[in-house]
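Work through the following exercises with the sequence and the model side by side. Each task is followed by a solution that goes step by step.

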Amino acid sequence: MPLPSVVAAVATAGVVFALVCVVLLAASARARAGASRRAHRLLAAGAAAGALTTAGGIAASIAVQEHIVHTQHEKTSLGSLLALGVAVSSGLLLLGLLTLPGAAPSRPGMLRYLLDALVIAAALWFVGWVAVSEPTRVLGDRTPFWCRPLLIPAAIAALALGVSVITAMRAARPRGPLVRVGTGVTLAAVAGMGLAGGVCQGMTALVDVSAVALPAALGLVAFAARGTDRWPVAPVPEGDDSPALDEELSRRGSAYAFLPMAAMAASALYHLVRGGAFDMVGIVTGSLEGFALVGRQFLALRDVKAYAERLRDREAHFRELAHTDPLTGLANRRGLLSALEDEQAPGAEAVLLALDLDGFKNVNDMRGHDVGDAVLVEVGQRLRMNLRPGDVAARLGGDEFAVLMWARPDEATRAASRLLRVLGGPYEQETGTVFLSVSIGLAGCATVPDVTTLLRNADLALRWAKSHGKNRVERYDVEYDVKLRRHTELEHELRGAIDRDELHLQYQPVVVLPDVRPVGAEALLRWQHPRLGKVGPDEFIPLAEECGMINRLGAWVLHQACHQLSRWLAEGHDVWVSVNVSPRELHASRYVDQVKDALRAHRVPPQRLVLEVTEHAVSTDVEELIRRLGDLRETGVRIALDDFGAGYSSLGQLSRLPIDILKIDHSLVVPQMVRVVVELGHQFGLEVIAEGIGEQRQMAMVVEAGCKLGQGYLSGWPVPAEHFEARLESASSPARVVPVPEQKSDREQNAGPTGRRAHNVGAVDSSREMRQA
Ligand code: C2E
Ligand code: MG
Ligand code: MG
């Protein structure tokens with residue numbers, strides 16, 4: 001077979017192979033979806049155009065060889081047709097490459113990408129032009145004459161190379177398959193150019209080589225494209241030009257542009273040195289390169305600006321998050337502090353309101369944390385809706401809120417009272433209505449040196465509002481500071497008071513009326529501090545309860561009193577001693593054992609010891625109190641209900657309480673009251689002691705009411721043990737029998753005035769009830 005026939009057969013096989021590639025790519029497209037399917041379709045279309053062009057090229061070459069086509073004009077016309085086919089084929093392949101997943105960035109980045117490819121393409125074109133034009137002419141006499149129709153395929157081939165280079169540098173990893181597709185597309189474009197150029201020039205050998213190379217390049221495209229989605233490529237979200245990618249692109253962009261520019265400048269210089277001139281092609285190419293670079297820099301600058309703006313937005317967003325309470329959407333502590341540190345409105349004063357929900361813990365405990373959260377959210381909404389312009393509301397944590405107001409203290413106090421009403425309204429929840437109140441502490445910044453002091457002052461005022469009945473607004477007063485300092489100092493000093501021997505007991509006589517003969521004594525605790533002087537029990541007992549010292553103090557008092565009592569009994573005095581017991585002590589699990597231990601240690605008959613429980617203890621858990629008092633009474637000691645009539649306790653509860661003695665509070669020592677309580681006490685089978693008898697008139701009234709026992713300054717001040725002892729001695733000569741209040745039987749305890757159990761009439765103000773009775 002002659003050589004041209006062999007070449008024709010190989011070329012024909014190439015066409016068949018190209019068609020197989022088309023089929024493969026079309027099948028791949030069908031098996032894929034989305035962008036990948038579109039890309040494979042474009043590649044298949046490009047390959048089909050390439051196969052047709054190859055067939056056309058072979059046919060044209062045979063026509064030239066067989067002299068069917070012999071004029072240059074005819075060759076140029078055929079070459080132009082082929083160039084058109086090559087342009088269509090390369091263009092479609094290039095588009096397919098760009099559409100492959102992971103090849104090009106998102107749509108906004110596409111322009112950048114193409115400009116970068118253009119920079120390379122223009123430089124390549126320029127270098128190629130210098131190489132083939134006068135005076136360089138590297139191909140010498142074999143230099144093809146300029147064939148105008150080749151302009152477009154040549155431009156596309158240069159662009160394909162540019163895109164391939166950029167893809168190799170920047171495509172999403174893994175890049176291997178994409179780089180192979182890019183190489184295939186570039187080779188196909190170059191081979192297509194060779195095909196068209198060969199026909200134009202009448203160079204059949206070039207046509208033959210190109211007719212083999214083009215299908216081979218298409219084969220590379222077809223096989224490489226199948227692997228482009230073998231590994232999952234992270235999808236690039238449409239329209240979201242990631243700032244990180246942006247940054248990387250602009251960084252890489254400057255590095256890659258250097259090489260083409262350097263090549264272009266070197267070839268231009270060489271061209272000039274060799275005496276070459278710049279015709280239209282050179283000027284256009286140079287300008288194109290310049291514009292591509294300028295455009296690319298413009299885009300990079302725009303991207304950097306957009307990136308900086310996005311960074312600023314994000315920073316602002318994160319700053320806002322860091323200053324916001326996630327549950328209520330109000331400011332958090334940090335937000336409040338930054339608002340406080342900001343410039344304040346001229347003429348206005350910063351007033352800080354510290355708010356705390358009263359009893360919110362119960363809402364969480366009883367109704368669950370979801371309801372608790374819902375209530376907190378509503379508190380936040382109510383606060384927000386009742387703010388004045390410029391005010392800042394914050395949640396400082398838990399059920400603590402704060403409001404920063406730019407107002408005069410009087411205005412702020414009015415606003416705080418309004419908030420008290422608004423926040424005190426019912427909270428309708430799916431599981432039922434929640435009722436809450438709020439305590440508010442208010443502090444102005446007029447005299448405070450810094451924000452920390454302002455916060456502390458508002459907090460102090462809040463504590464004051466809490467400890468003075470809650471559900472109220474309290475304005476900060478310097479006096480609070482003095483009190484707080486003393487409170488802290490007392491608490492500190494109290495801890496060492498027993499060890500430093502600063503405590504002692506005084507005994508106030510309990511006397512038989514009307515002859516004022518002492519029959520018992522109430523042990524009252526005294527604290528003499530070397531620097532602070534006398535500190536009253538009214539001040540330090542609540543403090544000891546607060547700081548957990550009360551159990552230790554109570555145990556000390558119990559032992560001292562029992563010790564003293566045992567001495568008096570040993571000396572033959574017929575006397576009893578009462579000791580005050582704080583509700584906290586009573587609820588300690590070991591208290592009953594402590595009492596037993598003290599009685600045993602000092603060999604005191606239990607009925608000689610009276611334990612006084614204040615009426616306030618009744619307002620807590622009554623059932624528990626009854627259990628505790630019952631246990632205590634089983635030891636044989638007697639129980640007195642102290643300060644009766646000063647607080648809230650129920651007459652019904654009185655009949656249920658396992659007590660022996662009723663001590664009428666001195667606030668009740670007025671004629672009608674005393675009579676009613678004495679009668680009531682006696683009907684319940686209780687001994688009644690009238691406390692606080694300070695005047696003769698009161699004494700007469702108490703006696704007249706039928707009360708047989710009394711206590712007060714008139715019959716004796718609280719005095720040291722030896723003074724009381726002297727009194728006992730003087731009273732016991734001549735010796736008289738002193739009655740000890742008898743312990744009620746259990747049946748009597750539970751019986752009402754007529755021997756029946758009294759009904760629980762619920763909690764009432766006992767003093768008011770007395771008055772009404
Ligand atoms: P309390 O148990 O009701 O004690 C009676 C208080 O009334 C005593 O005050 C006493 O000095 C005072 N008092 C006595 N006679 C009169 C009077 O004629 N007129 C007036 N206005 N007051 C009179 P004190 O000693 O200051 O004790 C105050 C409270 O401190 C006691 O009230 C008691 O509740 C508590 N307390 C005292 N010592 C102890 C203790 O050892 N343990 C506990 N837990 N509490 C104690
Ligand atoms: Mg008492
Ligand atoms: Mg009392």
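A disulfide is taken here as a pair of cysteine sulfur atoms within 2.5 Å. The model is predicted, so local features need pLDDT of at least 70 and side-chain atom pairs count only at pLDDT 80 or more, while totals for chains, interfaces and linings use all residues. Residues are numbered from 1 along each chain as its sequence is written, chains are lettered from A and ligands numbered from 1 in the order in which they are written, and side-chain values use heavy atoms, with hydrogens and water left out.

**Exercise 1. Cysteines and overall make-up**

Determine how many disulfides the structure holds, and state whether C445 is buried or exposed.

Solution. By the cut-off above, the structure holds zero disulfides. For accessibility, buried means under 20% relative accessible area, exposed over 50%, and partly exposed in between, with a 1.4 Å probe and protein chains only. C445 counts as buried because its relative accessibility is 19%, and C547 is likewise buried, at 17%. Of the 773 residues in the protein, 48% are buried. The protein has 26 helices and 16 strands, where helices (H or I, at least four residues) and strands (E, at least two) are DSSP runs numbered from the N terminus.

**Exercise 2. A magnesium site**

Identify which residues coordinate the magnesium ion (ligand 3), and explain which parts of the chain D643 and E691 tie together.

Solution. Donors are N, O and S atoms within 2.8 Å of the metal (3.2 Å for Na, K and Ca), and since water is not among the atoms, sites may look incomplete. The magnesium ion (ligand 3) is coordinated by OD atoms of D642 and D643 and, through two OE entries, by E691, at 2.1 to 2.5 Å. Along the sequence these donor residues follow the spacing D-D-x47-E. D643 belongs to strand β13 (residues 638-644) and E691 to the loop between β15 (687-690) and α23 (696-704), so the pair ties together parts that are 48 residues apart in sequence. D643 is partly exposed, with a relative accessible area of 21%, whereas E691 is buried at 9%. Finally, D642 bridges the magnesium ion (ligand 3) and the magnesium ion (ligand 2), which lie 3.9 Å apart.

**Exercise 3. Two helix pairs**

Describe how α3 is oriented relative to α6, and how α15 is oriented relative to α16.

Solution. Axes are lines fitted to C-alpha atoms, for helices over the stretch in contact, and angles run from 0 to 180 degrees between N-to-C directions. Angles under 35 degrees count as roughly parallel, over 145 as roughly antiparallel, 65 to 115 as roughly perpendicular and the rest as oblique. The axes of α3 (residues 72-99) and α6 (residues 176-201) come within 7 Å and cross at roughly 170°, and the two helices are therefore roughly antiparallel. Contact means heavy atoms within 4.5 Å; among the residues making this one are L82, V86 and L93 of α3 and V185, A189 and M193 of α6.

For α15 (residues 478-497) and α16 (residues 537-546), the axes come within 10 Å and cross at roughly 75°, which makes α15 roughly perpendicular to α16. The contact is made by R486, H487, L490, E491 and L494 of α15 together with E539, F540, L543, A544 and E546 of α16.
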